[in-house]
Amino acid sequence: MFDSSSDQPQPGPNNAGNPETADAQGHWVLLGRADDFPEGSLSPATVEGRTLMVCRLDGRFHAWADYCPHAGRPLHDGAMHEGRVICRHHGNTYCLATGRNVDDPRNEPPLKRYKIEQRGDELWVFLHAMFSAT
Ligand code: FES
């Protein structure tokens, strides 16, 4: 994805939020403290006008657009069970590790994933330039 031998800016906290150093694909943004997202949590987070759903599952962080592909409702208020989130609006179920709709993966689109990284005590999320605000 990125050529480390080039002069292109690399994604990471050094280019976060700085339009002069962020690359054309997007940029990293500080989301918050990792401790603010306890194990088993499903939390909404708003970053630069985008609404995300962040979960901590088996010690790993995942970030998704807080948007159910079925009818566009928020997902963060769904029920979390065995690594899945069940949308409270019509019951579609998504795997929180892959984003796939587990009931009908062939016909229902997956969740929109955001890259997320823990760096020390901090969580950083990559905001892709092609994703529209949700
Ligand atoms: S909006 Fe989520 S299942 Fe319909």
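This is a predicted model: local features need pLDDT of at least 70, side-chain atom pairs count only at pLDDT 80 or more; totals for chains, interfaces and linings use all residues.

Reader: What share of the contacts with a separation of 6 or more is between residues 24 or more positions apart?
Author: 40% of them. Two residues are in contact here if their C-beta atoms, placed from the backbone, lie within 7 Å.

Reader: OK, how many helices and strands in the protein?
Author: Zero helices and ten strands. Both are DSSP runs numbered from the N terminus: helices are H or I with at least four residues, strands are E with at least two.

Reader: What's the order in the open sheet of four strands?
Author: E2-E3-E4-E8, with antiparallel pairing. Two strands pair if DSSP finds at least two bridges between them.

Reader: Which strands stand at the edges there?
Author: Strand E2 (42-47) and strand E8 (113-114). Each has a single partner strand, so one side of each is left without a neighbour in the sheet. E8 pairs with strand E4 (residues 60-65) over two bridges, in the antiparallel sense, and Trp64 has Arg113 of E8 as its bridge partner.

Reader: And the sheet of three strands, what order is that?
Author: E5-E6-E7, an open sheet with antiparallel pairing. Strand E6 (residues 84-86) is joined to E7 by three bridges, and Val85 has Tyr94 in E7 as its bridge partner.

Reader: Switching to the hairpin of E9 and E10: how many residues sit between the strands?
Author: Two residues, and Gly120 in that hairpin takes a positive phi near 65°. Strands E9 (residues 116-119) and E10 (residues 122-128) run antiparallel and are joined by four bridges, with Arg119 opposite Glu122.

Reader: Now the core. Which residues have the most contacts inside the largest nonpolar one?
Author: Leu52, Met53, Ala63, Trp64 and Val125, in a core of 24 residues. A nonpolar core is a set of buried Ala, Val, Leu, Ile, Met, Phe, Trp, Tyr and Cys residues joined through C-beta atoms within 7 Å. Buried means 20 or more other C-beta atoms within 10 Å of a residue's own, again placed from the backbone.

Reader: What is Leu52 in contact with, leaving aside neighbours within four places in sequence?
Author: Its contacts include Ala45, Ala63, Trp64, Tyr114 and Val125.

Conventions: Residues are numbered from 1 along each chain as its sequence is written. A residue is buried if 20 or more other C-beta atoms lie within 10 Å of its own, exposed if 12 or fewer, and partly exposed in between; C-beta atoms are placed from the backbone.
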